Amino acid sequence: MKKLLVSIFALTAISTAIAAPIAMEDQSQLKPAPSKAESEQYHLPPLEADLPDNAFGVMVRKGHAIFVDTKRQVPELVGNGLNCVNCHLDQGRLANSAPMWGAYTMYPAYRKKNDKVNTYAERIQGCFQFSMDGTPPAADSETMTALTTFSYWLATGAPSGVKTPGSGYPDVAQPEGGYDIANGKNIYAEQCAVCHSADGLGQKVGENYVFPPLWGKSSFNWGAGMHRINTAASFIKANMPLGKGGTLSDKEAWDVAAFMNSHERPQDPRLVEGDIEKTRVKFHANDGVNLYGETVNGVLIGQGVK
Amino acid sequence: MRAFKHLIYGGLLAAAISPAMADDGEKIYKQGGSQPGALACVTCHMPDGKGMDAGGFPKIAGDSAVYLSKQIHDFKKGLRENAIMLPIASALTEEEIKAVTQYMSSLDKVQVPEITRAKTPEGLGEQLAIRGDWSRSIPECVACHGPGGVGVGDTFPPLAGQGAKYLAAQLHAWQQGTRKNDQNDLMGHIARSLTEEEIIAVADYFAGLGK
């Protein structure tokens, strides 16, 4: 009986694997951007008002619409309650919020991890698969053309092939003595719960989230870059509380990031043979600081929620 | 769908407060509270709760009861300085605050058109509302006040359909330090960053949404 169950499970696992191939398995973290000299300015993307009134302008606007209103514009591709703009603030324009202008010029890129050249389309597919817990759009789909055109436009005038200041989320070094989940809980209550709600599940108006969920079934999944405590700490330190980025100390950012990422979220779609430990070893053991497959207060983390 | 929701909310409300209390709320609203100074709210906030902007009297219809109750306590504590509301708020008992805010919350709210962040903004007011100005750490107003400024939960009040004069007065109050009741200065730093021209534009914009 047990054997039968296992093989049925393996079968479904294989068939879903066939149905939804993982576009970009490698979600390991980006290299840090160089820091900005006092006198230097961040790249200034062009203004919306200056968009040309032609097919290019229309495609940029379409990409913009998908970026800021993903869940409504392409519901078939989004598995959770998020929009791209939730983690790439100011419509993908804001420095230190992994802006699209900092990303576009860095592809195609060779990555040792999967030993191949990864394209910009594949990077975006990765965010759909993991951050949006959804289905990646095909490389030649209109959605992909729109998002790529939008990014290309934002990068107008940016140097290509070099990391520019303000790209990615600036690294925040792990505090001495590590992080403290219990203290993170206090910071969460004081600084975050007012918006993301006490239970972390966000707040909606009608069908859509205004304050996105930080964990639970409608948040990013266990394969997303944000599940790394170091990446989340970097994002949070630079960008949260909304409008007050840079006000938390490094330690507070780490503690609250660890608290956030000690909660359950949708399973890693790369799950190896239905086994959390195997998945941990293959994808999480060497991927920054994360709690996937670890036991915290007697509970195994990484079981996933549906 | 909306009607259905009203039904649910109505049901919840009915279950949460006894009919006697709802009547009390209406009575306080229309005739004033038990203590001297607790003037009838209806005089200024109007029978439909939509207020009267010429006098600077805000719309309170359909706002969260928790939000309204917090404001009354904030007037009392001096976290919102206002010569008209201070004596009124101070004259209300805890029971009366609870009852009258429930009643205000039960009045019909304004209908707000759905405006998403995908829209291309027209004019300075809408620009601030759906784009913000991140070079000054000003997020899109709708990121906290909800799409079209409908308000979110018990903390983020609706801006849509609120009087322009009142909205501008609140932004000025934050600038002058006479309103300091927002958690962690979430709203205060934004108000202080706005120029006079921006305050007028964004107040007009939200006042023009929703009827």
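This is a predicted model: local features need pLDDT of at least 70, side-chain atom pairs count only at pLDDT 80 or more; totals for chains, interfaces and linings use all residues.
Residues are numbered from 1 along each chain as its sequence is written, chains are lettered from A, and side-chain values use heavy atoms, with hydrogens and water left out.

**View 1. Chain A on its own.** Chain A has twelve helices and six strands (DSSP runs: H or I of at least four residues for helices, E of at least two for strands). Its radius of gyration, taken over C-alpha atoms, is 19 Å, close to the 19 Å that the globule rule gives for 306 residues, so chain A is as compact as a globular protein of that length. (That rule is 2.2 Å times the number of residues to the power 0.38.) Buried residues make up 51% of chain A; buried means under 20% relative accessible area, exposed over 50%, and partly exposed in between, using a 1.4 Å probe and protein chains only.

**View 2. Where chain B meets chain A.** Here 29 residues of chain B touch 26 residues of chain A, a contact being heavy atoms within 4.5 Å. About 2100 Å² is buried between the two chains, with carbon and sulfur atoms giving 61% of that; this is the accessible area (1.4 Å probe) the two parts lose on being put together, summed over both. On the chain B side, B:Arg117, B:Arg131 and B:Trp134 lose the most area, together 26% of what that side buries.

View 3. Look for the side chains of B:Arg131 and A:Glu48, which meet at 2.7 Å, N to O. That makes a salt bridge: a side-chain nitrogen of Lys or Arg within 4 Å of a carboxyl oxygen of Asp or Glu. A:Glu48 lies in the loop between α1 and α2 of chain A and B:Arg131 in the loop between α7 and α8 of chain B, so the pair joins two chains. Both ends are tucked away: A:Glu48 is buried at 17% relative accessible area, and B:Arg131 is buried at 2%.

View 4. A:Glu277 pairs with A:Arg280 at 3.0 Å, and both sit in helix α12 of chain A, three residues apart, about one turn of the helix. In chain B, B:Glu198 pairs with B:Arg136 at 2.6 Å. This pair links distant parts of the chain, 62 residues apart: B:Glu198 is in helix α11 and B:Arg136 in the loop between α7 and α8. B:Glu198 is buried at 8%, while B:Arg136 counts as partly exposed at 29%.
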